[in-house]
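Open the model in the viewer and colour it by chain. The stops below go from the interface to a single residue.

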There are 2 protein chains.
Amino acid sequence: MIQRIYNKDIGEKVGQEISVAGFVHTLRVQSKIIFLILRDITGVIQTVVEAGSSAFETAKGLSHESVVRIIGAVKESKQAPGGVEIGVKSIEVLSVADPELPIPVIVKGNDEETEAPTRLDYRWIDLRKPEKAKIFQVWTEFEKGWRKYWDENNFIQLYPPALMSTPSETGSQVFEVNYFDKKAYLAQSPQFYKQMGIASGMEKVFMVSPVFRAEESFTTRHLTEFTGWDFEMAYVESHHDVMDAEEGMIIEGFKAILAKFPDLEAELPSQPFPRITMKEAKEILAQMRVPSPEKYDLSPEEERAISEYVKKERGHDFVFIHEYHKSKSAFYHMRLEEGSDYSRRADLLYRGVEVTTLAQREHRVDILIKQAEEKGMALEPLKNYINFFRYGCPPHGGAGIGPGRFIMKILDLPNVREATYLPRDVKRLNP
Amino acid sequence: MIQRIYNKDIGEKVGQEISVAGFVHTLRVQSKIIFLILRDITGVIQTVVEAGSSAFETAKGLSHESVVRIIGAVKESKQAPGGVEIGVKSIEVLSVADPELPIPVIVKGNDEETEAPTRLDYRWIDLRKPEKAKIFQVWTEFEKGWRKYWDENNFIQLYPPALMSTPSETGSQVFEVNYFDKKAYLAQSPQFYKQMGIASGMEKVFMVSPVFRAEESFTTRHLTEFTGWDFEMAYVESHHDVMDAEEGMIIEGFKAILAKFPDLEAELPSQPFPRITMKEAKEILAQMRVPSPEKYDLSPEEERAISEYVKKERGHDFVFIHEYHKSKSAFYHMRLEEGSDYSRRADLLYRGVEVTTLAQREHRVDILIKQAEEKGMALEPLKNYINFFRYGCPPHGGAGIGPGRFIMKILDLPNVREATYLPRDVKRLNP
């Protein structure tokens, strides 16, 4: 049998007999000739079937989206896209598609906003559009870049459990699991477990894991389940060390995607990324006359405005907003200094959307308990977590990253669902 | 401030003032001198504190496992491990450990089988033993190798959802989730979703995701949640193509770990791996007089015996057992040929333990439905899955891999729990 080659490679095979395989993208049947456009993961090619062969009879009966293997000779053709086409010798039908497709594969213009629920119901047909496979190819490359940084900087990968005996953050937005004769909860973040990695002496750890949020949110940025990237590093001096490290990861990620997809509308960010305190951000936004619904936090509108400001003034797609008020900090965020009302938390905005929350953590058990009590939290469910810090734990900090949001903004997608293979929300558990 | 260096690097700094940080591994207090052995992720070093300094007073009061930063001068020392030690100038206490540790960090001999539940209760202290961090460093490298193969062979990474509307395999071993006003189920495997990737035209996909099994198993190889690696590839001719590909992944994995850990008791496997049909395996086992409790499947004892046989006769740590009877095949496994009672399924054994199940899948919707009906399965819950094949789907096959089992056998650990950061079983949801 002839080894199958990718469609993108047929240009190198003019004059040779080759084998290709893929979906029937379009079919134009004339009395003497059939033009079958074949689509594989690398693109579409034109194949030509002449009357009088058994291949002609086979091609005539094909439905769109059926899968075929074709053997034929590559020849130059001025009419064909790419300047080459295949003169078909034989067609083998590998899979027959129902003639009635529930959604079209070929669409004119932007289909993002039209019939999104139906598209997602038939996600496996939706994803056949070539620009959709690219979303996940970009994600694959982006992650490869982050992993390169983690590898070169001695990070250890750990897999945190999704099943927990107590909710990891607050109790209200957690999914409950029937676990034999008990209840379990789905992790809302691997926060506690990455900090446990530091208490285990591993010094630098990263995690890739699903996180679950039982939130009744209906925004373009929220899902009930999404992939989180997390890292944590010991012996940091402040949250600035965490920002430094994350910049390195992001730069490796962009290097990887730009190497593979030079046509992307994204640029390699320069270091250091702009860093603005929340107080400075609020001053800038006041001058810009952007409404400020919350004194100590940014609304989505403010996030977009401050990103636009930084892009204009500093030419940068990224901006860290740091030094959050304690009311907007987790109990485990370390304060700027003892007694301060502000914490060593920073959020990273990319093109107007928050893609990361990071902080130096409080590793001193007495201060940690005090901060939990100040928030009115019950200590009993936190017992396991607090114990991590009782037997020695290095100072540390880390970040939680939403890669789906990154990909959404890199590719300018209207909704994080488009960057998610099979999005899950309040209404959607299918397919 | 002086940049901290790793303990392993102090040998290069003789005569220089440096900064190190880590856990107080041991402390030997004498009247004129204190020997403080400091442990970081790279190993232990000896530091020496002389009487009369403020560092001496600080060191005297330290508890084991407290975390300190030390500044001092590196000097040669015949008594010190590695031939160098640090003459301490200053000690900064970063974290104070309770003097009473719930479990020891320093153990003599093998602690695997003693007090395992207590060790796992205090997993973050258990993991401080240097040989335990190595487990996850080996995993990190092993995964890097697999990812290198996936990257070089155009695999696209997809993240499957854990939350599903219907159980992914049989209904009995599934965890139920309270999902707003409905029920959801935790994925028992990403099987359907990786096949959906093929129906989406992505051709080669891989997934790294948690899988959940509500099994009341109490073996050394079973957990209720574990990390699964999965891949799926289109246009395979048979399950042998899937085996070929997996061999390539495994070899990259071993190359990566052997490069970083040349002292590992593992060797680079040679290609091709031995492939034995189930029928041949049963014949060999009969000659070896190993009991055969099931005609069409291998018991754990048989798995060990056939692995030992292959190791002895063929010098190989791996063996594929293939051509399973239909009663031991999933409804979605393709038969050897139409009407055959045997399927294109293969299991991979490594050092006596099953680490992979792979198969060519049945992509023809009519045969798929027939095979589901033969198994007495209800078609309604399979509707979503079966629809993946109605609108064209390439022939394909793939594998599900248990990396925890791989790591367990590579490092000769007695239990998959030891290769799992935070194991979950019927009785364990903590920490």
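How many residues of chain B are in contact with chain A, and how many of chain A with chain B? Select both sides: 99 residues of chain B touch 100 residues of chain A, contact being heavy atoms within 4.5 Å. This is a predicted model, in which local features need pLDDT of at least 70 and side-chain atom pairs pLDDT 80 or more, while totals for chains, interfaces and linings use all residues; side-chain values use heavy atoms, without hydrogens and water. Residues are numbered from 1 along each chain as its sequence is written, and chains are lettered from A in the order in which they are written.

The buried area between the chains is about 8,200 Å², 59% of it from carbon and sulfur atoms (accessible area, 1.4 Å probe, lost when the two parts are put together, summed over both).

Next, show the salt bridges (a side-chain nitrogen of Lys or Arg within 4 Å of a carboxyl oxygen of Asp or Glu). The rule finds eight across the interface. One of them joins Arg4(A) to Glu203(B), with the closest N and O atoms 2.9 Å apart. On chain B, select helix α4 (residues 130-152), which gives nine residues, the largest share of the side touching chain A.

Move to strand β8 (residues 176-179) in each chain: the two pair in the antiparallel sense over three bridges (pairing takes at least two DSSP bridges). Here Glu176(A) stands opposite Asn178(B).

Last, select Gly248(B), in helix α6 (residues 239-260) of chain B. Is Gly248(B) buried or exposed? Gly248(B) counts as buried because its relative accessibility is 14% (buried is under 20%, exposed over 50%, with a 1.4 Å probe and protein chains only). Beyond neighbours within four places in sequence, Gly248(B) contacts Tyr149(B) and Gln271(B).

Notes: Helices (H or I, at least four residues) and strands (E, at least two) are DSSP runs, numbered from the N terminus.
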